[in-house]
Every structure is written in structure tokens, then in C-alpha cells.
Amino acid sequence: MTRTRLQDFVIGLVVAAVGIFGMVNAIKMPDGTRPYTLVVTVIFTALGSLVAVRSILYAKTESHDCKAVTIKEMINPFFAFLMVVAYAFALTAIGFFVSSAIFMPVLALWMGYRKPIPLICTTAGMLGFIYILFVYQLNVTLPRGILF
Amino acid sequence: MEALLSAIANLFTINSLIGLAVGVCGGMVIGALPGLSATMGIALLIPVTYGMDPSAALIMLASIYTSAIYGGSISAILIHTPGTPSSAATCLDGYPMTQKGEALHAIGLSTVSSCIGGFISAIALLVIAPLLARISLAFSSSEYFLIALFGLTLIASLAGKSVLKGLIAGAIGLVAGLIGMSPDAYARFTFKMPALLGGVSLIPAMIGLFSISQVMTQAEERGLGHTTVKEEAVLAGRFMPPWKEFIGLVPLILKCSVVGVLVGILPGAGGDIASWVGLNMAKSGSKTPELFGTGHPEGIAAPEAANNAVTGGALIPLLTLGIPGSSTAAVLLGGLTIHGMQPGYQLFDKYADITYAVILGFMAANILMGLVGWAVGRHVVKVSKVPLPLLIPCITVFSILGSYAASQNMTDVYIAVIFGFIGYLMRKYGIPPAPVVLGLILGPMADSHFYQATRMAGGPLVPYMLSRPISIVIMLMILAALFAPFISKIVAKRYQAKFGEVGEAAEDI
């Protein structure tokens, strides 16, 4: 099986598995909820199965709708995602403004940006803009932490 | 008449005027930045509108929509990179004009054509939408359920390269829409987590799918030192096209504007298709077809009038029937719903003062867009010089903030992050994220109306539907819509094959 077809096969299996899980749960639901839930989960299972079957049938050819994905090319995005997750959790711990003031330069530096003045100005400008618009103008209570 | 006067009063409030100005300028910048689309811009700015007056908020979002389509042409002309897929056709004659030292002339042509196209579409919206909305008065739950189904058939047209994967994306949205309380108050797929009882919030999900996933995609460029800019064009000469040239182009601009409106009304056919159709019309009707591709003014005027005319056209089925024909329209529908406005006749009755203010604001946006384009259009392309490593943290912070601000709830932030991850994986594996939004919006609508329609029917649903003429008409529309994507794909491929590989490249934007 080619790499792209293997990817499709795994996607199909995951989708079908989620669909089956949904179907099993839908059967136990009350009358008013069951029919629609069952229809959606059956469709989901069927589509996942179709993708999996298609990837088996055309196992020798490359899929035309996606490229082969390597682990190497996904390392940086996953690391960026972990930083976003850490930032999201930091919001409740140290507050929005402090966590953002740390997160923005750290992400920019990690991305390869090395000019301190524009970096500081961008961070300060962005947070100032957010303060004026959201806190001052729209009265949004942003997450507060132990520091601010 | 009273509603129109209230609408004018609503439009001329300070909030609405600020919304209009921010929408036009912001949309232009978003459109000019390759990699940022109108869809993403609107998704990011919807939370900003949460505390705003609905008229001002919706005027801002509608202005972003039209202005981003125009902004995309600026980078298409100056750096041969279409800022939005709708501007791909403009590259073909726009960039050769830049190479000939006529960049400012090309931007001027694009500005004038976009303004006229957008303005005509706004008039069409003002005239057609209220008439069409009257039809929705005759709808009951059975028709609304079918309308939701009709909307779901558009998934195939938003599918991108693979219809099957597009359908999976739509089904992901439908499954996500199942989470929460069902119409008969059963806690469905909540896994005993109280935070999920309210379901998956639309705005955080959209922000995750379009913005956070984009941040992850851009992280792939880490360390490569890439910015989005290619080279800076020489911007000299006059901006406005000479009077004689303009008069010669007027019939073409008007023709392409009408075509753009019609394409916009068609579900699933957006600005990209309209611009190719417009370009083809210009070439086939031109006295000098051999000049196309060498920097011909007609090659800019036609696609730009057509793609901006799509915006007003696409708002017609959106406002009257709640059918989002494109991902941008789907996101705009989210903007309407968070302000408590459901598409249909009540938009032109109960909320007439707001709706007409938005339509008039949309008209004004198309004029203001021209003035702003004339004043600063030549400088807008400089935003593409902003280094990505500086832009990405701003987008991330704004995404997280946007998902939080809508309901000031950390659960929404986690939803945005999770959908960002899912969206990134979907992009990598060739599954388009736009149909998820459609599924997420229309799924709960189909669910609740299905529940009500079965109770109204008091027996089997299908015979009940077949006894209602409007239901039968919508069923026929569903059948027609199922074939529409195949036809529009054939049309798009025909034009792309005819005009070269720029259109192909645009699909990936």
C-alpha cells in the first residue's frame, strides 16, 4: 500500500470507529433523540468505511487528494501546538496579560525572529490594543491569575 | 419606509461608521495577506463584535467580506500571489501590467471594477432578498428541516479535491453538533461533563479550524526565514483609469457584475468561479483576445467586477433562507446567530431596521473601499512584508482571546485549541475544514426541526412532507444541488485549463 493510501486507510478506520461508538450509544438513547443521532452516526461510519475500502482497492496508486505526510514535517507544528496548549492553561494560572506577554516573544523567538525592538513593540502594542478594546471598551473580564 | 429611515439612522451612528471603516480597512489588509482569507478574518473578528450593537457588528463583518475580496487583488497584481482564491484570475493580466511598470494603473482598474461589482451586488441584495424572504413565511418545521438538508448538500461543493473527504468533514461537523442537550432534553455525548451540556460553541470551533490550525501550518516554515513578500513593484503613474478606457470597460464591468451576482446566488459557486467565468466572458467578447495574459485592462476589470459581485449575491440565500453557499458565508451566518438573528422573513420584518442598515452599510462599504483603495491601496501590499514569526504570535493571542471573549468561558478556549489541532490534521490529510462549519451550523438546526416535524406529522414523516408543495420544491432543489458541484467543477476546470496554472495554484490558498 502506498503511503498516501495508508494515511487514508487509517483516517477511514478512525472515522468508522468513532461512528460505531456513536451508533452503539445512539441505540440506547430515548425515542426523541435516537433517530437523528443514529442517522448521523451511521452516515459517519459509512463514510469512514468507504475511505478505508477505497484505500484498499487503490492500494498501489497514490491518493490524489493529499500528500504523503512525514513525522519530521509535523514536529514544528506539534511543538507550536504544545506551546498554544501551555499558553491556554497559563491563562488561568497567571492571567491573560502576563501569559500573553511571555507567550508572544517566546513563540516569535522560537519561530526564528531575532529583532528585540520590533518584538517588544509588537507585544506591547498588541496587549495595549486588547486592553483598550476588550477591557476598556467591551467590558470583557479577561482571565486573571495570581500576578495580574 | 419607516424601517428604511430607522436603517439609515442605524447606519449613521458612530458605532456603525467605525464598524464600516474598520471592516473596509481590516478586510483590505486581511485580503492582501496571502495565507489569510476573508473566512479567517471574519472568524477572528466575530468575538470582537459580541459586545457591539448588532448593526455595527454586522456592517463590519459584511465590509470585511467585500473588502477582503478586493484586497486579494492587490497582492495578485503587485506580487503575483493571489491574496484570496477569488483573485487568482486577476494575476494573469494584473502582474504583467506590474512588470510593464503599470502597477498603479492595474490597481486603479481593479479598484473601480471591484467597487462597481460590489455596489451592483448590494443593489441586487436590497431588491431581491426581501422578496425571497417572503417565501420563508410559508415554512414550517418540515421545510426548515429540508432547508437544513439542502444546506448540507452544499458540503460536496465545498469539498475541494475529494468529495468523499469533504463529506467526512461535513459529517465531523454533524457529529460535533450532536454533543450537548438534544431537542428532547437528553444529555447526548457529554460524557458526564457539565461543560459540554451547552454543546460545541460555533465561534471557538471556527477560530480553531481556521486560525489555530493556520498557526500550526505556518510553524512548518520555522527557521526557513520566509516572509510572504516576493518583491516590491514600482508604483508610479496614475491611479484612475483614463476616462476613455473606463467608458470602454463599463459594459464589460456591468455584464460581469450581473454574472457575479448570479454565481453568488448559486449555492456552492463562489468568487473564484465567478472570476474565471468573468475572465472568459471578457476574452470571448473582446476585439483583442490575443492581448489577454499580457497585461490587458479587460483581463483585470472582468474578474474583479465578477468576484466582488459575488459577495452581495451570496448574502441573498444566506439572509433569506439561511443557506451559506461558501465557507465565508457560513462564518457570517455564525455572526448573525450570535447576535440572536435567525435568517428568514423576520430579518426583513422584526429586524428590518438592522438588516436594511447592514445592506445599506454593505453598499457604503463598496464605495468606501474604492476611496480607501485610491488613498492607500498602493501601500496595503506592504503588510505582506510583516515577518511571519511576528504575525503568528499576534494571530494566536487573538484566536485564544476571541474564543474566550464570546462567552467568557475557558471551556471555549479548550474547544478552540482542540479544533485547531483537528483542523491542522484535516488540512494535512486532505480533508477541508470549511464543511465542518456547515455541519456544525446546520446539524443542530436539522436535529431540532426533524424532532418538531415528526411530532407535527403524527406518523411517518415522508408522506407528510410529500403532502406539502413547498417541501416538494425544496426536495427538488436538494436533488439539483447534489448535481451542482459536479457541474461547477467541470466549469472551473474548463476555465482553469484554458487560462493556465494560476487557477490550480489558487486552490491551495
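Student: How many of the 15 residues of helix 11 of chain B are buried?
Tutor: This is a predicted model, in which local features need pLDDT of at least 70, side-chain atom pairs count only at pLDDT 80 or more, and totals for chains, interfaces and linings use all residues; side-chain values use heavy atoms, with hydrogens and water left out. Residues are numbered from 1 along each chain as its sequence is written, while chains are lettered from A and ligands numbered from 1 in the order in which they are written. Buried means under 20% relative accessible area, exposed over 50%, and partly exposed in between (1.4 Å probe, protein chains only). Helix 11 of chain B is largely enclosed by the rest of the structure, since its count of buried residues is eleven.

Student: Which residues of helix 11 of chain B are buried?
Tutor: Helices (H or I, at least four residues) and strands (E, at least two) are DSSP runs, numbered from the N terminus. In helix 11 of chain B, the buried residues are B:G271, B:I273, B:A274, B:S275, B:W276, B:V277, B:G278, B:L279, B:N280, B:M281 and B:A282.

Student: How far apart are the end C-alpha atoms of helix 11 of chain B?
Tutor: The expected span of a helix is 1.5 Å times one less than its number of residues. For the 15 residues of helix 11 (residues 271-285) of chain B, that span should be 21 Å, and the model agrees, with the end C-alpha atoms separated by 21 Å.

Student: Which residue is linked with A:R54 and B:K165 in a network of salt bridges?
Tutor: A salt bridge is a side-chain nitrogen of Lys or Arg within 4 Å of a carboxyl oxygen of Asp or Glu. The side chain of A:R54 forms one with A:D8 (3.6 Å, N to O), and this pair links distant parts of the chain, with A:R54 in helix 2 (residues 34-57) of chain A and A:D8 in helix 1 (residues 3-27) of chain A, 46 residues apart. B:K165 also meets A:D8 in a salt bridge (2.7 Å, N to O); A:D8 lies in helix 1 of chain A and B:K165 in helix 8 (residues 163-178) of chain B, so this pair joins two chains. The residue linked with A:R54 and B:K165 in the network is therefore A:D8.

Student: What is the relative accessibility of A:D8?
Tutor: A:R54 is buried, with a relative accessible area of 18%. A:D8 and B:K165 are both buried as well. For A:D8, the relative accessibility is 0%.

Student: How many residues apart in sequence are B:E220 and B:K428?
Tutor: The side chains of B:E220 and B:K428 meet in a salt bridge (3.0 Å, N to O). B:E220 is partly exposed, at a relative accessible area of 25%, whereas B:K428 is buried, at 15%. B:E220 lies in the loop between helix 9 (202-219) and helix 10 (243-265) of chain B, and B:K428 in helix 16 (residues 410-428) of chain B, so the pair ties together parts whose separation in sequence is 208 residues.

Student: Are helix 3 of chain A and helix 16 of chain B roughly parallel or roughly antiparallel to each other?
Tutor: Axes are lines fitted to C-alpha atoms, for helices over the stretch in contact, and angles run from 0 to 180 degrees between N-to-C directions. Angles under 35 degrees count as roughly parallel, over 145 as roughly antiparallel, 65 to 115 as roughly perpendicular and the rest as oblique. The axes of helix 3 (residues 71-94) of chain A and helix 16 of chain B come within 10 Å and cross at roughly 175°. The two helices are therefore roughly antiparallel.

Student: How many nonpolar residues has the contact of helix 3 of chain A with helix 16 of chain B?
Tutor: Contact means heavy atoms within 4.5 Å, and the residues involved include A:F78, A:F81 and A:F89 of helix 3 of chain A and B:Y414, B:F421 and B:K428 of helix 16 of chain B. Ala, Val, Leu, Ile, Met, Phe, Trp, Tyr, Cys and Pro count as nonpolar, Asp, Glu, Lys and Arg as charged, and the others, Gly among them, as polar. By class, this contact has one polar residue and two charged residues, and its nonpolar residues number 16.

Student: At roughly what angle do the axes of helix 4 of chain B and helix 13 of chain B cross?
Tutor: Helix 4 of chain B and helix 13 of chain B are roughly antiparallel to each other. Their axes, for residues 54-79 and residues 327-338, come within 10 Å and cross at roughly 170°.
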